[in-house]
Amino acid sequence: MPGAILSASSLMFIVLGILQAGNYGWLRASHDVEIGDTVLIPEGGISPVWIFVGIGAVLQWLFIREISGKERSGQQPLISTRMFRNKRSNLGLITQNVQWLMMQGTFFVISVFIQSVRGYSAVETGLILTPATIGILLSSALAGRFAQKRSQRTLIRGGFLVTIVGAVLTIGFNSATSHILYFAPGLFLMGAGIGIMLTSSVNVVQSSFPEKDQGEISGLSRSVSNLGSSIGVALVGSVLVSASSIGNEAFAYAMFAMIGIGILGLVAALLLPPDPGEVGEGDVETVVAPA
């Protein structure tokens, strides 16, 4: 129970901290941080973003200490610390987190742009995003065939590249006056790239552990994905709100933030070591991602 509380609280503070950037800025507080009539942080002081993130980091450290202590005393922790000692799995979890962060973040900011700047309704926005859905469905359906010819880490790398190219096209082709069909190529590529790498990342993580650990690593994998989704929406929302301009430039700032994070995910994918049983590009990993 203490482990669950510490873990959930740490993630809550981190996400809450990122959300504060929209109100107070990223580095220094743009105005006084107050509770009632009491000024906690004066204008120009450190942004509350880093106070909340720091609290989250401390709680996460306490969580690691708590589960480590339980293991040493022979008790059953919330999750075994050995889940964090596998380099291949850790890098796979990073790519998995970044994938969900990019997916939720980019689709959120594009939806906001289409509705607030272009003036389309929620239903029309959903229809405009259809190319991304098609890309995800098509690449996911072909994932098995891709895996017969390429290793999982190669698919993850290729997926990041395709997604980043799609995001760049989305920025380059669209403005407040461009035809709405110009969104289609970038959206399709982003969807296709995400569909290619999502299952591969899960396979990389879960294939790093024996069958007896699948329950624990599956739970950790899902938690990392959910965290990526939460941070993605919080991050782009904060960038949009804190941007010094509105419209096209705010949209571009948020998308560039997603591209930058996508590049970090690509770096993690490039560092992925091969599976111990991987001999060549044609090998297929046998772990299947859960639905």
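Student: Is Ser-225 buried or exposed?

Tutor: Relative accessibility is the value to read. Ser-225 comes out at 1%, so this serine counts as buried. Under 20% is the cut-off for buried. Keep in mind that this is a predicted model.

Student: Where is Ser-225 found?

Tutor: Ser-225 is part of helix α9.

Student: With which side chain does the side chain of Ser-225 make a polar contact?

Tutor: Look for N or O atoms within 3.5 Å of each other. The partner here is the side chain of Trp-100, at 3.4 Å.

Student: Which residues lie nearest the centre of the largest pocket?

Tutor: The lining has 20 residues. Nearest the centre are Leu-11, Gln-60, Phe-84, Leu-220 and Val-224.

Student: Which elements give two or more residues to that lining?

Tutor: There are helices from several parts of the sequence to look at. α1 (2–24), α2 (48–72), α3 (87–117) and α9 (214–242) each give two or more residues. With six residues, α9 gives the most.

Student: What is the lining like by class?

Tutor: Sort the lining residues into nonpolar, polar and charged. The largest pocket has 13 nonpolar residues, six polar and one charged in its lining.

Student: Let me turn to α3. How many residues does α3 have, and how far does it reach?

Tutor: Compare the end-to-end reach with the expected span. α3 has 31 residues and spans 44 Å from first C-alpha to last.

Student: How many residues of α3 are buried?

Tutor: Count 22 of the 31. α3 is mostly covered.

Student: What caps the N-terminal end of α3?

Tutor: Asn-86 does. One of its side-chain oxygens lies 3.0 Å from the backbone nitrogen of Arg-88. Look past the helix too: just after α3, Gly-119 takes a positive phi of about 85°.

Student: How many aromatic pairs does a search of the whole structure find?

Tutor: Three. Take Phe-113 and Phe-183. Their ring centres are 6.1 Å apart and their planes meet at 55°, so this pair is tilted. Phe-113 sits in helix α3 and Phe-183 in helix α8 (residues 183–206), so the pair ties together parts 70 residues apart in sequence.

Student: Are Phe-113 and Phe-183 buried or exposed?

Tutor: Read each value. Phe-113 has 3% relative accessibility and counts as buried. Phe-183 has 0% and also counts as buried.

Student: What about the pair of Phe-113 and Phe-251?

Tutor: That pair is stacked, with 4.2 Å from centre to centre and 25° between the planes. Phe-251 lies in helix α10 (residues 248–270) and Phe-113 in α3, so the pair ties together parts 138 residues apart in sequence. Phe-251 is buried as well, at 3% relative accessible area. Phe-113, Phe-183 and Phe-251 form one aromatic cluster.

Student: How many residues of α8 are buried?

Tutor: In α8, 19 of the 24 residues are buried, so this helix is largely enclosed by the rest of the structure. α8 reaches 35 Å from its first C-alpha to its last, close to the expected 34 Å.

Student: Where does Arg-153 lie, and what does its side chain reach?

Tutor: Arg-153 lies in helix α7 (residues 152–173). Its side chain reaches the backbone oxygen of Leu-272 at 3.2 Å. Arg-153 is buried, with a relative accessible area of 18%.

Student: Which residues can show me the partly exposed class?

Tutor: Gly-54 is one case, at 30% relative accessible area. Its place is in helix α2. Ile-5, in helix α1, is partly exposed too, at 46%.

Conventions
Residues are numbered from 1 along each chain as its sequence is written. This is a predicted model: local features need pLDDT of at least 70, side-chain atom pairs count only at pLDDT 80 or more; totals for chains, interfaces and linings use all residues. Side-chain values use heavy atoms; hydrogens and water are left out. On a 1 Å grid over the protein atoms alone, a cavity is a set of points where a 1.4 Å probe fits but cannot get out, and a pocket is an open set with protein on both sides within 12 Å along at least five of seven lines; lining residues have an atom within 4 Å of a point. Helices (H or I, at least four residues) and strands (E, at least two) are DSSP runs, numbered from the N terminus. Ala, Val, Leu, Ile, Met, Phe, Trp, Tyr, Cys and Pro count as nonpolar, Asp, Glu, Lys and Arg as charged, and the others, Gly among them, as polar. Buried means under 20% relative accessible area, exposed over 50%, partly exposed in between (1.4 Å probe, protein chains only). A polar contact is a pair of N or O atoms within 3.5 Å; within protein, one must be able to donate a hydrogen and the other to accept it, and residues adjacent in sequence count only if both atoms are side-chain atoms. The expected span of a helix is 1.5 Å times one less than its number of residues. Rings of Phe, Tyr and Trp (its six-membered ring) pair if their centres lie within 6.5 Å; planes under 30 degrees apart count as stacked, over 60 as edge-to-face and the rest as tilted.
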